[in-house]
Amino acid sequence: MKTSRRRLLAAPGVLLLPMMPGLPTPAAAVGSERRLVPTPEDSEGPFYPERWEGDVDGDLLTLDGRRHERGLPLLIGGRVLAVDGVPLAGATVEIWQADTEGQYRHSRDGRDAPLRRGFQGFGRVRTDAEGRYRLRTLKPPAYGGRPPHVHFRVRAEGRRVLTTQMYFAGENAERSLWGGFSRERERLTVTLAEARDEGRPAVAATFDLVLA
């Protein structure tokens, strides 16, 4: 039986993209120890998903067995870590973003238009035993004066919830004051690498997340 792409995304330890150098995990010396610096927070924005129901997983490009053909596939992978470097297994990683038309799946924006275009709009996965997560989505466009970005929310037992955003090198300049501006934007910026997604040109990024 052919294994589905969705089952691969859900399977712990299955590598779907090259784990290239992307976003470094900064460390600072504290006494004789090396401790990681928590990932900076960034604005939640107005479009956090209203209903986590229906088709919710780590593959935002496949709905009812049909592949979304618009835009450039973006493969995101990384680890969720504590400040002492310990991987956080079972952490929940959520993302939400605009589709190729710059619309969110949200009542205040595109409503279900992204879904009708075949884009899931948001996703949720859990980290494996080594704190790793993987997501398959599309490269978002700039919209409303904002640079391209993907929203993240990460939860792990005993840790503070992290809400942040991921930006792209060469495209992370804010063109308006809408949504605020992160002083540590560079730490939330990834360098994309060329990749392939089921034979289709794609880009890939590594985005490690450190929770306080």
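What follows is a short chat about the fold of this predicted model and one residue in it.

Q: What does the protein chain have in the way of helices and strands?
A: In this predicted model, the protein chain has 2 helices and 14 strands.

Q: How are strands β7, β6, β9, β10 and β11 arranged?
A: These 5 strands form an open sheet, in which the order runs β7-β6-β9-β10-β11 and the pairing is mixed.

Q: And which strands stand at the edges?
A: The edges are taken by β7 (122-126) and β11 (189-190), and because each has a single partner strand, one side of each is left without a neighbour in the sheet.

Q: How do β6 and β9 run, parallel or antiparallel?
A: Strand β6 (residues 92-96) and strand β9 (residues 150-155) run antiparallel and are joined by 5 bridges; within this pairing, Thr-92 of the chain stands opposite Arg-155 in β9.

Q: Switching to Val-93, is that buried or exposed?
A: Val-93, which lies in strand β6, is buried, its relative accessible area being 0%.

Q: What is Val-93 in contact with, apart from its close sequence neighbours?
A: Leaving aside neighbours within four places in sequence, the contacts of Val-93 include Val-80, Gly-123, Val-125, Tyr-133, Leu-135, Phe-152 and Val-154.

Q: How far is Val-93 from Arg-134?
A: The two are 41 residues apart in sequence, while their C-alpha atoms are 9.3 Å apart in space.

Q: Back to the whole chain, how much of it is buried?
A: Of the 212 residues in the protein chain, 49% are buried, and the chain exposes about 10,300 Å², with carbon and sulfur atoms supplying 50% of that area.

Conventions. Residues numbered from 1 in each chain as written. Predicted model: local features only at pLDDT ≥ 70, side-chain atom pairs only at ≥ 80, totals over all residues. Heavy atoms only, no water. Pairing = 2+ DSSP bridges. Helix = DSSP H or I, 4+ residues; strand = E, 2+ residues; numbered from the N terminus. Buried < 20%, exposed > 50% of the residue type's maximum accessible area, 1.4 Å probe, protein only. Areas by Shrake-Rupley, 256 points an atom, 1.4 Å probe, with all protein chains shown as cover. Contact = heavy atoms within 4.5 Å.
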